[in-house]
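Open the model in your viewer and keep the selection panel at hand. The tour goes chain by chain, then to one helix pair, then to the contact between the chains.

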Amino acid sequence: MKKLLSILLAVMMVASCAVAFASCNGGSKALFEKDPEGNVVIKIGGIGPLTGDYASYGNSVKNGAQIAVDQLNESNALEGISFELLFEDSEGDGTKAVTAFGKLQDSGMNVSLGGVLSGETKNIVATAAESGILVLTPSASAKDAINKDNAFRVCFNDPQQGLYAAEVIKEKNLATKIALFYDNGNDYCKGNADTFKQKAGELGLEIVTEQTYTESTNTDFSTQITAIKENGAELVFMPIYYSDAAKFLRQAAGTLENTVFFGVDGLDGLIGECGTEHAADCEDVILLTPYFADSVDPVVKTFVEAYEEKFGATPDQFAADGYDAVLAIAKAIEQNGFTAEALEEITAEDFNKKMVGAMTQITVTGATGVMTWTADGETDKDPSVLQIKGGQYVEYKKEQ
Amino acid sequence: MKKFLSRINRRDALTLLVLVGIFAFFFIMLETGAASNQFKNMIIPMSYYILLAISLNLMVGVLGELSLGHAGFMSVGAYTGCFLSVMLVEKFPELPMYVYLPVAMLCGGLMAALFGVLIGIPALRVKGDYLAIVTLAFCEIIKTVIINLEFLGGAIGFDTDSIVPDRNKALTLLPYAAFAVIVSAILIMNLVRSKHGRAIMAVRDNRIAAEACGINVNFYKVAVFGIAAFFAGIAGVLYGHNDVLLKSANFDFNMSIEILVMVVLGGMGSNMLGSVIAAVVMTALPEMLRDFSDYRMLIYSVMLIVIMLFTSAPALAGIRERLSLGFIKESLQKKMAKKAEKKKAGKEEEK
């Protein structure tokens with residue numbers, strides 16, 4: 001019982017803790033390191049789920065941000081300044097994201113990309129408030145995930161999208177009888193659905209039924225489909241992610257013949273998910289998204305090409321958000337007119353303050369559109385209304 | 001005090017000593033500013049995982065019933081305690097933390113205990129693997145119910161930002177965490193050593209024999225469920241006051257299994273020291289492996305397998321024996337005895 005092993009472990013733990021966790025704080029380190037070419041390195045610290053259920057989102061953001069960092073460094077966009085991306089795994093857990101944030105701080109992070117998911121970002125933002133470091137999250141969309149002054153986001157917040165969607169449906173006169181279909185265990189879906197419901201009520205759109213599912217019941221949607229049909233819905237608003245949407249559409253094929261399917265940016269990726277085999281299922285689906293990979297916009301094109309070359313996959317919404325976040329950080333540095341010499345003099349506090357201050361002044365043309373930011377951290381950009389036609393996204397036009 | 005000291009045995013004293021040592025180490029690291037940011041952010045999670053591990057050990061190791069629902073009890077405590085704290089802070093903004101946090105801990109613990117008793121009663125009808133499934137189902141029920149409760153934030157999560165200290169979070173919460181963990185450990189160890197503890201272990205070892213001796217098996221089973229849930233609830237309250245967002249999806253069976261792994265790794269049974277150390281190591285290990293980036297989880301899993309084999313494989317019993325404290329003590333005693341003999345012999349020769 002009184003194993004020496006346990007004592008040994010305890011001693012080892014204390015010793016290794018003391019070594020591993022204390023070494024980083026010794027002495028006052030310079031705010032910025034220099035790379036071999038003598039450039040001042042701005043360290044951008046990202047956190048997101050690289051393993052676990054949400055791993056694809058985290059990896060997308062990481063890859064997208066990496067593309068931006070590579071492009072900035074290659075083109076030498078800022079004289080004497082280079083960028084480095086550090087990315088830590090959060091496993092999608094808020095507590096682990098906070099320790100990962102600490103790890104990044106220890107590694108000398110200068111600007112934070114917050115988290116990928118909303119929950120973890122909220123935790124990171126709360127921790128980051130102490131140092132005042134600029135937090136620019138690519139994809140945390142929950143309304144109060146960025147409730148501190150130093151936090152901003154690239155994506156829309158959930159309420160915004162639900163709002164836009166209701167407005168578009170009213171404006172384009174798509175339908176008056178609407179069915180809601182979403183994952184009520186997911187904050188992204190729920191946030192969107194809630195504001196949509198509210199706005200739809202204001203605009204006089206009738207919500208005839210509200211059908212929900214959860215992560216553990218996302219395989220069989222037959223009851224929901226029957227209910228939607230029985231209630232005579234003309235349009236199904238589905239603020240859900242593309243993988244669930246593909247399953248839903250496949251099952252709905254044949255039953256919900258003349259119904260319009262309408263989604264938000266989570267549906268980006270639907271064409272790939274349906275593939276050629278089930279392409280007919282996602283035909284005519286309408287979605288509201290600030291980014292799509294087939295766009296002819298030059299910024300999107302260069303981004304998509306570089307991404308496909310490096311990672312062999314088409315970048316999704318998350319990747320585009322990650323890309324834009326890094327571009328915005330570079331722009332904020334430019335806005336402040338930081339030179340390599342100026343950066344060597346500056347204190348961490350001043351740097352953070354100036355970076356946060358610059359965020360509301362910059363205009364960034366990224367893969368997700370032309371963005372500006374308000375003081376409460378929200379971005380302002382126009383989503384496009386797209387429709388899937390023949391396996392392609394096209395600008396939505398009402399059929400006569 | 002004397003009575004208390006006389007009741008404490010050496011094994012428990014060692015556990016307490018290690019616990020006090022761990023928290024003293026945390027305090028020193030934080031106070032002197034020697035702790036890195038990563039370590040600073042790990043201290044409170046480490047504390048509540050210690051509490052979770054020892055409370056689950058009470059259920060799994062002492063009572064001998066496998067439970068996969070510990071995260072469920074934890075979430076009940078977390079939501080109750082944090083809801084109360086948020087309400088108190090809202091009503092009385094000037095209320096200091098040393099008032100609302102202990103109140104929240106107590107209420108969170110009691111509510112979790114209530115649920116523990118509730119789940120303990122139907123659990124009397126099943127045991128072993130079947131009970132594990134029942135507790136697993138309970139954990140899922142709690143998760144789903146909370147997701148659908150709007151006043152607890154639903155899927156978006158319950159915002160606890162207003163009750164979490166803005167600055168020096170770790171240092172502010174550490175005294176409460178240390179107090180909660182150490183007092184809970186003393187209570188649990190005292191319970192295990194008491195008359196009731198022996199009764200609980202008798203139920204574990206042979207239910208029929210225990211019943212024949214007049215032990216009320218049902219009472220003890222339900223009581224242990226309640227007590228273990230109580231401490232899990234307290235840990236949950238700590239969790240909620242450390243994180244700014246409670247998401248019920250986080251309290252899934254993965255978390256229960258994580259706690260169970262700590263208990264199994266530390267050694268199931270009446271020795272709590274193993275659970276304490278395993279909780280600390282298991283929380284620190286994945287963080288310390290961050291430098292391996294992509295291979296982190298792989299290395300972590302391999303290390304788990306190696307440790308598990310080392311601590312329990314029959315083939316390695318010899319090595320373990322040699323490393324045990326008892327063995328070293330014996331061999332030391334033998335050496336001392338030999339030395340003493342030699343000395344004696346030498347003296348006699350001199351004469």
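Start with a pair of helices in chain A. α2(A) and α11(A) are oblique to each other. The model is predicted, so read every value here as computed from predicted coordinates.

**Stop 1: the helix pair**

Select residues 55-75 of chain A for helix α2, and residues 317-335 of chain A for helix α11. Look at how they pack: the angle is about 40°, and the axes are 7 Å apart. Now check the hand. α2(A) and α11(A) make a right-handed crossing.

Show the side chains at the contact. On α2(A), pick residues including Tyr57(A), Val61(A), Ile67(A), Val69(A) and Leu72(A). On α11(A), their partners include Phe318(A), Tyr323(A), Val326(A), Leu327(A) and Ala330(A). Gly64(A) in α2(A) and Gly322(A) in α11(A) also belong to this contact. Colour by class: 15 residues of the contact of α2(A) with α11(A) are nonpolar, 4 are polar and 2 are charged. Lys62(A) and Asp321(A) are among the residues that take part.

**Stop 2: all of chain A**

Zoom out to chain A. Its secondary structure comes to 13 helices and 16 strands. The C-alpha atoms fill a box of roughly 70 × 65 × 40 Å along the principal axes. For 400 residues, a compact globule would have a radius of gyration near 21 Å; the 23 Å of chain A agrees with that. Of the 400 residues in chain A, 52% are buried. Among contacts in chain A with a separation of 6 or more, 70% join residues 24 or more positions apart.

**Stop 3**

Switch to chain B. Here you find 16 helices and 2 strands. The C-alpha trace spans about 90 × 60 × 50 Å along its principal axes. Buried residues make up 46% of chain B. Residues 24 or more positions apart account for 79% of the contacts in chain B with a separation of 6 or more.

**Stop 4: where the chains meet**

Key
Residues are numbered from 1 along each chain as its sequence is written. Chains are lettered from A and ligands numbered from 1 in the order in which they are written. This is a predicted model: local features need pLDDT of at least 70, side-chain atom pairs count only at pLDDT 80 or more; totals for chains, interfaces and linings use all residues. Axes are lines fitted to C-alpha atoms, for helices over the stretch in contact, and angles run from 0 to 180 degrees between N-to-C directions. Helices (H or I, at least four residues) and strands (E, at least two) are DSSP runs, numbered from the N terminus. Angles under 35 degrees count as roughly parallel, over 145 as roughly antiparallel, 65 to 115 as roughly perpendicular and the rest as oblique. A crossing is left-handed if the near helix is turned anticlockwise from the far one by less than a right angle, and right-handed if clockwise. Two residues are in contact if their C-beta atoms, placed from the backbone, lie within 7 Å. Ala, Val, Leu, Ile, Met, Phe, Trp, Tyr, Cys and Pro count as nonpolar, Asp, Glu, Lys and Arg as charged, and the others, Gly among them, as polar. The radius of gyration is taken over C-alpha atoms; the globule rule is 2.2 Å times the number of residues to the power 0.38. A residue is buried if 20 or more other C-beta atoms lie within 10 Å of its own, exposed if 12 or fewer, and partly exposed in between; C-beta atoms are placed from the backbone.
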